[in-house]
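Please work through each task before reading its solution.

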Amino acid sequence: MTDSSIQDETINGARISYRVQEGTLVLFSLRVPQRKRRQGLAHGAMRYLTDKADALCLAMKLDASPLDARTRTDKLVAFYESYGFACTGVSVNPVGDPEMKRPAKHS
């Protein structure tokens, strides 16, 4: 697959922005409106993206940065870890939010 421009999609109310770049699906953001949280929308969007990456044998990368002060980074990291991501040890900003990667799944 060739590199693509940024894709913005809404999956059942969750908004995602990503791009395929150098064999990696780079997730820029996954956002669920406050009033719709705790409805499984983020999980549905992640299943969609991980299925897409797996079908194309792409690794995944993201910067795990909370949307607001109420979002706990440890819970955000645990959410992405449940989809096979791991922290790389690299901070993506001055407050120390972690970069996370998920290896490509080969059929």
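**Exercise 1.** Determine which strands helix α2 lies across, and its angle to β6.

*Solution.* Helix α2 (residues 73-81) lies across β3, β4, β5 and β6, where contact means heavy atoms within 4.5 Å. Its direction makes about 10 degrees with β6; angles run from 0 to 180 degrees between N-to-C directions of axes fitted to C-alpha atoms, for helices over the stretch in contact. Helices (H or I, at least four residues) and strands (E, at least two) are DSSP runs numbered from the N terminus.

The model is predicted: local features need pLDDT of at least 70 and side-chain atom pairs 80 or more, whereas totals for chains, interfaces and linings use all residues. Numbering starts from 1 along each chain as its sequence is written, and side-chain values use heavy atoms, without hydrogens and water.

**Exercise 2.** State the strand order of the sheet and the partners of β4.

*Solution.* The open sheet has six strands in the order β1-β2-β3-β4-β6-β5, with mixed pairing (at least two DSSP bridges per pair). β4 pairs with β3 (residues 24-31) in the parallel sense over four bridges, and with β6 in the antiparallel sense, also over four bridges. Leucine 62 in β4 faces leucine 27, while methionine 60 has arginine 102 in β6 as its bridge partner.

**Exercise 3.** Is aspartate 97 buried or exposed, and how far away is the nearest side chain of opposite charge?

*Solution.* Aspartate 97 lies in the loop between β5 (86-91) and β6 (98-102). Aspartate 97 is buried (under 20% relative accessible area, 1.4 Å probe, protein chains only). The nearest side chain of opposite charge, arginine 31, is 8.9 Å away.

Definitions and conventions. Buried < 20%, exposed > 50% of the residue type's maximum accessible area, 1.4 Å probe, protein only. Lys, Arg positive; Asp, Glu negative; His and termini not counted. Salt bridge = Lys/Arg side-chain N within 4 Å of Asp/Glu carboxyl O.
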